[in-house]
Amino acid sequence: MTERLTSLEAIEAAIWRELESAVVKPDHAWRTATLATQGDGYADARTVVLRELDVARRELLIYTDARSAKVAQIAACPQATLVLWSPVLEWQLRCRATLSVETSGLALSSRWARIKLTPGARDYLSPLPPGTPLTVPAHDLVPLVQFAVITATLDTLDWLELGAEGHRRAIFGHGPAHWVQP
């Protein structure tokens with residue numbers, strides 16, 4: 001974007017357009033986000049790939065290995081934060097979200113059917129859970145399908161724009177959108 005948006009409505013619409021682009025354009029800066037959950041008394045953050053978006057439901061979908069630590073962390077505490085940064089826009093977006101995990105069902109199996117023949121399928125075919133120490137080369141083990149989908153229902157969007165004209169910040173969520181001090 002070249003022109004600086006001025007209204008909260010225009011900024012919120014632009015945020016959703018950028019999120020829509022992020023799930024379909026592999027080179028979009030927001031395609032990968034930092035997801036922070038709670039684990040073992042600490043915040044546990046990792047990079048995830050945004051796969052799908054439902055604007056009407058305010059939901060982002062993320063694919064994962066069903067045995068990953070984040071799945072257990074979500075079961076224990078479904079509140080999380082997603083952080084996205086775009087150096088082109090000079091926008092940071094912090095999304096407070098409520099997460100849920102789907103490990104079975106028709107929606108899951110139809111998604112798996114679409115990706116199982118792609119190179120990305122190997123991310124969900126590991127014989128061992130993520131983080132397991134390897135005692136033998138991974139290629140010597142039998143693969144298992146461990147595909148799951150995380151749904152992040154976006155509760156609030158905390159938008160920050162960095163700029164030479166001054167930084168700006170706004171909150172979008174269940175109440176009225178409003179400006180806040182950056």
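Modeller: Start with strand β3, residues 59-65, and β6, which pair in the antiparallel sense over seven bridges. Keep in mind that this is a predicted model.

Biologist: Which residue stands opposite Ile 62 in β6?
Modeller: Ile 150 does. Further along, Asp 65 has Phe 147 as its bridge partner in β6.

Biologist: Is β3 mostly covered or mostly open, and what about its faces?
Modeller: Mostly covered: seven of its seven residues are buried. Both faces of β3 are covered. One side has Glu 59, Leu 61, Tyr 63 and Asp 65. The other has Leu 60, Ile 62 and Thr 64.

Biologist: What does Glu 59 touch, leaving out residues up to four places away in sequence?
Modeller: Glu 52, Leu 53, Asp 54, Thr 151, Ala 152 and Thr 153. Among these, Asp 54 is also the bridge partner of Glu 59.

Biologist: Which strand pairs with β3 over four bridges?
Modeller: Strand β2, residues 42-54, in the antiparallel sense. β2 and β3 form a hairpin, with four residues between them.

Biologist: Which residue in that turn has a positive phi?
Modeller: Arg 58, with a phi of about 60°.

Biologist: Switching to β6. How many of its residues are buried?
Modeller: Twelve of 15. The strand covers residues 147-161 and is mostly covered.

Biologist: How many bridges link β5 and β6?
Modeller: Twelve, in the antiparallel sense. Strand β5 is residues 91-102.

Biologist: Which residue of β6 stands opposite Gln 92?
Modeller: Leu 160. Leu 160 also stands opposite Arg 169 in β7.

Biologist: So what's the pairing between β6 and β7?
Modeller: Antiparallel, over five bridges, with β7 spanning residues 168-172. The two strands make a hairpin with six residues between them.

Biologist: What's the phi of Gly 166 in that hairpin?
Modeller: Gly 166 takes a positive phi near 125°.

Terms used:
Residues numbered from 1 in each chain as written. Predicted model: local features only at pLDDT ≥ 70, side-chain atom pairs only at ≥ 80, totals over all residues. Heavy atoms only, no water. Buried < 20%, exposed > 50% of the residue type's maximum accessible area, 1.4 Å probe, protein only. Pairing = 2+ DSSP bridges. Contact = heavy atoms within 4.5 Å.
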